[in-house]
Amino acid sequence: AMASLADYLTDDHNHCDELFANAENAVSERHWADAERDFAAFRAAVERHFAREETVLFPEFEQRTGMTQGPTLVMREEHDQMRAAMAALADHLARRAGPAYLDQSDTLLMLMRQHNMKEEQVLYPMSERVLDDVGDDLIETMRRVDPPAAT
C-alpha cells in the first residue's frame, strides 16, 4: 500500500509550509527576485493542494457520506479566505511593500495553521475511514492534478 490519504495530504501541507517560509524569508531580507520566485512556487503549490481536495477528495467524501454542508463546506470557505490572502500578498509583493507583505503573511500563517489542523485532526481521519477502499486510487488521482493556471 502507498502512503495513507492523511499522510499524503499532510505531507502536501508541509511542502506548502516550507515554500511559504522561503517566500517570507526572502521578503524580510528584501531579496525581491527570490521573493517573487518563492512566492509563485508557494501559491502554485497551495492552489494545487486546494484543487486536489476540491476536485478529488471533497466530492468523493461528500458522495460517500451525503454531507455536503459539513466539514467540506467549511474547508472550501477557508480555502477562499486563503486565496484572498494570497492575492493580497501578491499585490504587496508587486509593490515591494515588505512590511505590508509580512503583516498579511502573519494573518495567512494563522489561517493556514488553524485550517491544516482541522483537516489533519478531523477531515483527513474521517476521509480515511469512509474512503478506505479507494484511498490508493484517490492518491493516484491527486498526484496527477495540475496546478490551476495562475490568475
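Colleague: Where does Arg96 lie in this predicted model?

Modeller: Arg96 sits in the loop that runs between helix H3 (71-94) and helix H4 (98-130).

Colleague: Why is Arg96 called partly exposed?

Modeller: Its relative accessible area comes out at 33%. Buried needs under 20% and exposed needs over 50%, so Arg96, at 33%, falls in between and gets the label partly exposed.

Colleague: What is there to say about phi of Arg96?

Modeller: Phi of Arg96 is near 55°, which is a positive value in a residue other than glycine. Arg30 has phi near 55° too, again positive and again not a glycine. Arg30 is found in the loop between helix H1 (5-28) and H2.

Colleague: On to His49, then. Which helix is it in?

Modeller: His49 belongs to helix H2, residues 32-65.

Colleague: And why does His49 count as buried?

Modeller: The relative accessibility of His49 is 3%. The cut-off for buried is under 20%, so His49 qualifies.

Colleague: What makes the pairing of His49 with Asp12 a polar contact?

Modeller: The two side chains come to 2.8 Å, and the limit for such an N or O pair is within 3.5 Å.

Notes: Residues are numbered from 1 along each chain as its sequence is written. This is a predicted model: local features need pLDDT of at least 70, side-chain atom pairs count only at pLDDT 80 or more; totals for chains, interfaces and linings use all residues. Side-chain values use heavy atoms; hydrogens and water are left out. Helices (H or I, at least four residues) and strands (E, at least two) are DSSP runs, numbered from the N terminus. Buried means under 20% relative accessible area, exposed over 50%, partly exposed in between (1.4 Å probe, protein chains only). A polar contact is a pair of N or O atoms within 3.5 Å; within protein, one must be able to donate a hydrogen and the other to accept it, and residues adjacent in sequence count only if both atoms are side-chain atoms.
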